[in-house]
Amino acid sequence: MSVEIVNDVLNEEPLVKGKSKLLFGYDTDHYVAQLIPSLSSFTYNRYEMVEKTQNLRLDFYEMAVALLNAHDVPTAFVKRLDGDKYLTRKCTSPPFEVIVKNYAVGSTQRKYPGLFPKNHKFEEPIVKFDYRIDPEDVPISDDYLKAYGEDPELLKKLALKTNALLCEWLYPNVLVDFCLIFGDNSDGELCITSEISPDCMRLKSPNGESLDKDLFRDGKAHDEIVDTWTQLISDIRSKK
């Protein structure tokens, strides 16, 4: 895809305007996605533009996709176009999110207080589903997904395989939890349609320091967030 074609696409009105990215029409089967340098937290009622994070998110996402595709976990990502843009396949967009939790943190503590100690490590990862709705996603049972036409067991299987691959890839850092969105492409193949990055997971260093969006939630300076994510990506690349 030439620079001229990308520029022509970006001159059009986005078909989808989200908090974290814009989707522009490219052809009948593809979007051009442009990441927005935004970080947000519903729990802490914060939404800010943190420059350079969009490029770092795409750095991470591109590497994660290569890992997953190499192990037969399909994604909608096609190829990177430049610093903050990539080509992605058009997929269905069911209003459900799949969350994998290796530790009891975040919503587990808020929604089920007293059920598990904070940071409790689950013997087997927990997979749960949320209904995606503003202002905050809400938990939803497997039966609702089945009634809607989704296959929760297949979603769990793919989410757990993704979890195992990411945990090994990110070691010695600790993957605490992360979220995924799935959809069907035009070939009828179920694939991951959502971004995979520090913006969509909790990730701790071996000594327990945050390497993810918790830095933003905790009010860290923008430069510190950028520096931490830059170092994280450098460390991952150095393991190749």
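Leaving aside its neighbours within four places in sequence, Asp130 is in contact with Pro95, Phe96, Glu97, Ile99, Asp137, Val138, Pro139 and Ile140. The model in which these contacts are found is predicted, and its secondary structure comes to seven helices and 14 strands.

**Asp130 and its surroundings**
- Asp130 belongs to strand β9, which covers residues 121–131.
- With a relative accessible area of 7%, Asp130 counts as buried, because this value falls under the cut-off of 20%.
- A polar contact of 2.8 Å links the side chain of Asp130 to the side chain of Lys128.

**Helix α5**
- Helix α5 takes in the 19 residues 152–170, and at 1.5 Å a residue it should span 27 Å; the C-alpha atoms at its ends are 26 Å apart, which agrees with that expectation.
- The N-terminal end of α5 is capped by Asp151, of which a side-chain oxygen lies 3.2 Å from the backbone nitrogen of Glu153.
- The buried residues of this helix are Pro152, Leu155, Leu158, Ala159, Thr162, Asn163, Leu165, Leu166, Trp169 and Leu170.
- An α-helix has 3.6 residues a turn, so residues three or four places apart point the same way.

**A five-stranded open sheet**
- Five strands form an open sheet in the order β1-β2-β3-β7-β6, and their pairing is antiparallel.
- The edge strands of this sheet are β1 (16–17) and β6 (77–80), each of which pairs on one side only.
- Within the sheet, strand β2 (residues 21–27) and strand β3 (residues 30–35) run antiparallel and are joined by six bridges.
- Phe24 has Val32, in β3, as its bridge partner.

**The protein as a whole**
- For 240 residues, a compact globule would have a radius of gyration near 18 Å, and the value of 18 Å computed for the protein agrees with this.
- The C-alpha trace spans about 55 × 45 × 35 Å along its principal axes.
- Of the 240 residues, 47% count as buried, while the accessible surface comes to about 12,300 Å², of which 50% belongs to carbon and sulfur atoms.
- Among contacts between residues at least 6 apart in sequence, 58% join residues that are at least 24 apart.

Methods: Residues numbered from 1 in each chain as written. Predicted model: local features only at pLDDT ≥ 70, side-chain atom pairs only at ≥ 80, totals over all residues. Heavy atoms only, no water. Helix = DSSP H or I, 4+ residues; strand = E, 2+ residues; numbered from the N terminus. Expected span 1.5 Å × (residues − 1). Buried < 20%, exposed > 50% of the residue type's maximum accessible area, 1.4 Å probe, protein only. Polar contact = N/O pair within 3.5 Å; in protein donor to acceptor, adjacent residues only side chain to side chain. Contact = heavy atoms within 4.5 Å. Rg over C-alpha atoms; globule rule 2.2 N^0.38 Å. Areas by Shrake-Rupley, 256 points an atom, 1.4 Å probe, with all protein chains shown as cover. Pairing = 2+ DSSP bridges.
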